[in-house]
Amino acid sequence: MGSIVLLSGGYDSALIAFRNPGTRALWIDYGQQSAAQEHQQACALQRQLGFEMQTVSLQLQVNADRVACPVVPARNAVLLSIAANYTEPGDTILIGCNAADQELFADCRLEFLEVMGCVLN
């Protein structure tokens, strides 16, 4: 049994990768404005921590004005489902969600993550 982290290159996923040596990583380009910077940070983390990383590209419906409307509908549901495709039975998917994100992003709430865990198992 192993684990795979959805690695955005941000603080949350970087901390998860750091605290879980031997994990694999998955970086997903879903059309986000900051894709180039995120990928650069994810690659830097990969080099520093020495883990295996795979990259997936897809196109989600992303609002051009991320300041006015930062929500990408069902983003984490899609990302978790893709990560599940890269796992073996018994593997754990690690995702960086924090309490500060819960109010704006429904797919960062514990209830959502618990349901996704049931669905993907």
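**Pockets, helix packing and fold**

1. Helix α4 is the element that contributes most to the lining of the second largest pocket, with 4 residues. Helices here are DSSP runs of H or I with at least four residues, strands are runs of E with at least two, and both are numbered from the N terminus. At least two lining residues of this pocket come from each of α3, β4 (92–94) and α4 (110–120).

2. The model is a predicted one: local features need pLDDT of at least 70, side-chain atom pairs count only at pLDDT 80 or more, and totals for chains, interfaces and linings use all residues. Residues are numbered from 1 along each chain as its sequence is written, and side-chain values use heavy atoms, with hydrogens and water left out.

3. The second largest pocket holds about 280 Å³ of space. Its lining comprises 14 residues, and D91, T92, I93, L120 and N121 are the closest to its centre. A pocket is an open set of points on a 1 Å grid over the protein atoms alone where a 1.4 Å probe fits, with protein on both sides within 12 Å along at least five of seven lines; lining residues have an atom within 4 Å of a point. Grid points are joined across faces, edges and corners, and the volume is the space filled by probe spheres set on them. By class, this lining has 7 nonpolar, 5 polar and 2 charged residues. Ala, Val, Leu, Ile, Met, Phe, Trp, Tyr, Cys and Pro count as nonpolar, Asp, Glu, Lys and Arg as charged, and the others, Gly among them, as polar.

4. The largest pocket has a volume of about 600 Å³. It is lined by 26 residues, with S8, Y30, E38, R75 and G96 nearest its centre. Two or more lining residues are given by each of α1 (11–19), β2 (24–29) and α3 (75–85). The lining divides into 12 nonpolar, 9 polar and 5 charged residues.

5. How do α3 and α4 pack? Their axes lie 11 Å apart at an angle of about 30°, and the crossing is right-handed. The contact (heavy atoms within 4.5 Å) is made by N76, A77, L80, S81 and A84 of α3 and by F112, L113, M116 and L120 of α4. These residues divide into 7 nonpolar, 2 polar and no charged.

6. N76 belongs to helix α3. This residue is classed as buried because its relative accessible area is 3%, the limit for buried being under 20%, with exposed over 50% and partly exposed in between (1.4 Å probe, protein chains only). Leaving aside residues up to four places away in sequence, N76 touches I95, C97, D107, C108 and F112. The buried residues in α3 are N76, A77, L79, L80, I82 and A83. Their cover includes β1 (3–6), β2, β3 (53–57), β4 and α4.

7. L110 is located in helix α4. Its relative accessibility is 51%, so L110 counts as exposed. The C-alpha atoms of L110 and C97 are separated by 9.0 Å, and the two residues are 13 residues apart along the chain.

8. For the chain as a whole, the secondary structure comes to 4 helices and 4 strands, in the order β-α-β-α-β-α-β-α from the N terminus. Of its 121 residues, 33% count as buried. Among contacts with a separation of 6 or more, 62% are between residues 24 or more positions apart.

Conventions:
Axes fitted to C-alpha atoms, helices over the stretch in contact; angles between N-to-C directions. Left-handed = near helix turned anticlockwise from the far one by under 90°.
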